Amino acid sequence: MKLATLVSIASTAMLARAAPAQTVSKRADMCGQWDSQVSGPYTLYQDLWGMSSASSGSQCSAVDGISGSTLKWHTKWAWSGGQGSVKSYANVVTNLTMKPLSQISYLPSAWKWTYTGSSIVANVAYDLFTSTNPSSTSHDFEIMIWLGALGGAGPISSNGQPIATVTLAGQSWKLYSGMNGSMKVFSFVASSGRVESFSGDLMEFVNYLTSKQGLSKSQVLQSVGAGTETFTGSGAVFTTTEYSLSMK
């Protein structure tokens, strides 16, 4: 689904130690195609990588605050035209140390979100990238965890059918698999279609793939994003009231 996103997230996620706990007030909206805002260990990206496929529309995003390790942010958008094409992936990337999957014990995360608007086609998803070469801007695997599939949005899939249904982090998920160029994509889609309050360990999803789907533990986790891929809709407001992610 994402093309330029794959490069932009990886190249901007060169990883550093998390900043000390702090409190940041609400920021002004940013509306540029590649605008970003840094808040503690998090960077919020506009990432309007597919906006050229829209006949009209716009998007603005901003951090609403951070307290300790908990971030609040929002995105407002409207897109028409380009049915079936992703226009943007407004997302938060956490500064984490690149490590082989075998060296990561936990990726605990909490995410509470809401969506309002008309005729919205979008997802709400975590987006993890791995590679054998941590310094590369290309990736071997993409792991998506869809907390929301709105208006008929669907994942990359070789045949449109799930390859498994699994229970992870206390929820049921349908797992899809397909290729995006040379990169293999795994997408866990919430069976309920919408999980607006999530709390769990993202390594449960990774460990399932290493034990059941052939993902090598020697793959290096390059970045973890969390946001919304937008297709079409009007008056859309995506609001995150609680987001946190860490590595252990």
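Predicted model: local features only at pLDDT ≥ 70, side-chain atom pairs only at ≥ 80, totals over all residues.

A: Residues are numbered from 1 along each chain as its sequence is written, and side-chain values use heavy atoms, with hydrogens and water left out.

Q: How many helices and strands does the protein have?
A: Helices (H or I, at least four residues) and strands (E, at least two) are DSSP runs, numbered from the N terminus. Here there are two helices and 14 strands. Buried means under 20% relative accessible area, exposed over 50%, and partly exposed in between (1.4 Å probe, protein chains only). By that cut-off, 54% of the 248 residues count as buried. A contact means heavy atoms within 4.5 Å. Of the contacts with a separation of 6 or more, 72% come from residues 24 or more positions apart.

Q: Which residues have the most contacts inside the largest nonpolar core?
A: A nonpolar core is a set of buried Ala, Val, Leu, Ile, Met, Phe, Trp, Tyr and Cys residues joined through side-chain atoms within 4.5 Å. The largest one has 56 residues, and Y115, Y126, W173, F188 and L202 have the most contacts inside it. Strand β8 gives the most to this core, with eight residues. A second, separate core of 11 residues includes V86, V121, Y176 and F231.

Q: How many aromatic pairs does the structure hold?
A: Rings of Phe, Tyr and Trp (its six-membered ring) pair if their centres lie within 6.5 Å; planes under 30 degrees apart count as stacked, over 60 as edge-to-face and the rest as tilted. The structure holds 15 such pairs. One of them joins Y42 and Y243: the ring centres are 5.9 Å apart and the planes are at 65°, so the pair is edge-to-face. Y42 lies in strand β3 (residues 42–45) and Y243 in strand β14 (residues 220–245), so the pair ties together parts 201 residues apart in sequence. Y42 is buried, with a relative accessible area of 1%, and Y243 is buried at 1% as well. For W77 and Y115, the centres are 6.4 Å apart and the planes at 90°, so this pair is also edge-to-face. W77 is in strand β5 (residues 70–80) and Y115 in strand β8 (residues 108–131), 38 residues apart.

Q: Which residues of helix α2 are buried?
A: An α-helix has 3.6 residues a turn, so residues three or four places apart point the same way. In α2 (residues 203–212), M203, F205, V206, Y208, L209 and T210 are buried. Among the elements that these buried residues pack against are β8, β9 (141–150) and β13. After α2 comes G214, with a positive phi near 80°.

Q: What is the relative accessible area of T210?
A: T210 has a value of 16%. A polar contact is a pair of N or O atoms within 3.5 Å; within protein, one must be able to donate a hydrogen and the other to accept it, and residues adjacent in sequence count only if both atoms are side-chain atoms. A polar atom of the T210 side chain lies 2.9 Å from the backbone oxygen of N207.
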